[in-house]
Amino acid sequence: MSAQILTAFREHRVQLPILQVERDKDRGIRATPDVELQRLLGGQEHLTKFLPEVDRHGVTIFGGMEALIIVDMQNDFCEGGALEVPDGNAVIEPINQLAARFPFVVATRDWHPLDHQSFAEQGGPWPVHCVRDTPGAQLHEAIDAAQIDAIVDAGREPDQEGYSGFEDTPLESLLREHDVDTVHVGGLALDYCVKATALDAAHKGFHVILHRDATRPVEVNPGDGARAEAELREAGVDIV
Ligand code: VGL
Ligand code: ZN
């Protein structure tokens, strides 16, 4: 689906180590966000002159890969689950549609030991949920598993909060290995794990796009969802 076109440019003595080409007849050619690259190539027109065959095939050119992070689409956060997010099941379809659009899809799971600090029995704020290897911790069966390239588990230690899918997980290295520079985010819950994951991604330098129709807040306090959105925008996250 995507390929490096480094050699094509080397013939013209232009060094472009991270340039990627993706076939995408719908989106056509998109200018790279890399300012230096734009300067080198004199913009998109110049680029298509270099690579007329690229134009013919209708490909997208960009500086890095785009990935989707599906946050915690587990039974316990869906309808009938131990920590049900209101209207949570409504995000399943939007997420499946997003997953079909991106070449790299990672699903995170909240994956707790029985004595996790966030459980009420240990003095935490939540009922027991997403206990590792239990049915409640499995991804919802309506999430299209065939589209998922990797699963990352967070909150695996008793004293690890693990709201963010980046906390003590290989998520960042997975994204870097795949040359990802833009992450799309959806899942549950907007005001906890989605927020923490998107904020961490932004702080690590990824361009972050949150899909509002693909997430819902738990809203322990009314307004938590709107406050999460404001915090995310403040951190540079695009909400679409
Ligand atoms: C989450 C509360 C507790 C979440 C996880 O996935 O947003 N919320 N653990
Ligand atoms: Zn949890």
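Leaving aside its neighbours within four places in sequence, with which residues is Cys193 in contact? The residues are Val71, Asp72, Gly162, Tyr163 and Leu188, where contact means heavy atoms within 4.5 Å. This is a predicted model, in which local features need pLDDT of at least 70, side-chain atom pairs count only at pLDDT 80 or more, and totals for chains, interfaces and linings use all residues. Residues are numbered from 1 along each chain as its sequence is written, chains are lettered from A and ligands numbered from 1 in the order in which they are written, and side-chain values use heavy atoms, with hydrogens and water left out.

Cys193 belongs to helix H7 (residues 190-203); helices (H or I, at least four residues) and strands (E, at least two) are DSSP runs, numbered from the N terminus. Cys193 counts as buried because its relative accessibility is 6%; buried means under 20% relative accessible area, exposed over 50%, and partly exposed in between (1.4 Å probe, protein chains only). Although Cys193 and Asp72 are 121 residues apart in sequence, their C-alpha atoms are 7.6 Å apart in space.

The structure also holds 8 salt bridges, each a side-chain nitrogen of Lys or Arg within 4 Å of a carboxyl oxygen of Asp or Glu. One of them joins the side chains of Arg216 and Asp87 (2.9 Å, N to O). This pair links distant parts of the chain, 129 residues apart: Arg216 lies in strand E8 (residues 207-216), and Asp87 in the loop between strand E4 (65-71) and helix H5 (92-99). Arg216 counts as buried because its relative accessibility is 19%.
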